[in-house]
Amino acid sequence: MLFEQAGTVEIAEVIYNRETDSSHGFGFVTMSTVEEAEKAVDKFNSYDMGGRFLTVNKAAPRGSRSERPPHVFEPGCRVYVGNLPWSVDDSRLEQVFSEHGKVTNARVVYDRDSGRSRGLGFVTMADETEMNDAIAALDGQVYASVHLRDIFCWYFVDCSDKE
C-alpha cells in the first residue's frame, strides 16, 4: 500500500458510490502517529498516481480551523433535473423552465475532469406554485429525443412571502 511508505497505516478507506460501486475519487487514511501523518502529507501531496495528482491533507480537530461563513440561500425552491441531454447548458435549462415561471438560477452540473455535462442540473424558482407547475409540465416529457425525468423538489427554503 502506498501510504505504508510513510509509516504504519491503521485504517485506509476509499469512499464508493453505493449504487454504482465506483469510487468517488477520495478516501481516508489513519496513520499510527502524528509524525507519520505529517510525513504522508509531505510525501504524497501532489503525488502522481496514474496520471492523477493526489491532494493529501492532515485532518484537524473540530473547532481548530477557522470557521467558514455559512452559505446563505436565497428564498426559492430548488429543483433537481435528471437525464438532461448532453447539449443542454445553463441558459437552455433556464429557458425551458422559465416557460413555467420565474427562474432565479439554473445550473447544469459538469464533470470537472472532462468538462462534459453530467446530464443533471438544478433550477431555482421563486415560487412554489410555479415550481410545481414546471415539474408537472416537464416531468417525463421528451426533449431533444431524451425523456426529461427525475424532476423533483430537492431543496425547499421558503417559498412564501410571510413575514
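What follows is a short chat about a predicted model of a single chain.

User: Okay, how many helices and strands does the chain have?
Analyst: The chain has 3 helices and 10 strands. Bear in mind that this is a predicted model.

User: And in what order do the elements run from the N terminus?
Analyst: They go β-β-α-β-β-β-α-β-β-α-β-β-β.

User: Switching topic: how many salt bridges does the count come to?
Analyst: The count comes to 1 salt bridge. E38 pairs with K58, and their closest N and O atoms are 3.2 Å apart.

User: Where do E38 and K58 sit in the chain?
Analyst: E38 is in helix α1, residues 34–44, while K58 is in the loop between β4 (52–53) and β5 (77–82). The two are 20 residues apart, so the pair links distant parts of the chain.

User: Why does that pair qualify?
Analyst: Because the cut-off between the side-chain nitrogen and the carboxyl oxygen is 4 Å, and here the closest N and O atoms are 3.2 Å apart. Side chains of opposite charge can pair when their charged atoms come close.

User: What about the whole chain, how much of it counts as buried?
Analyst: 28% of the 163 residues count as buried. The chain exposes about 11800 Å², and carbon and sulfur atoms supply 48% of that area.

User: Last one: what share of the contacts with a separation of 6 or more comes from residues 24 or more positions apart?
Analyst: Those residues account for 53% of them.

Conventions. Residues numbered from 1 in each chain as written. Predicted model: local features only at pLDDT ≥ 70, side-chain atom pairs only at ≥ 80, totals over all residues. Heavy atoms only, no water. Helix = DSSP H or I, 4+ residues; strand = E, 2+ residues; numbered from the N terminus. Buried < 20%, exposed > 50% of the residue type's maximum accessible area, 1.4 Å probe, protein only. Contact = heavy atoms within 4.5 Å. Areas by Shrake-Rupley, 256 points an atom, 1.4 Å probe, with all protein chains shown as cover.
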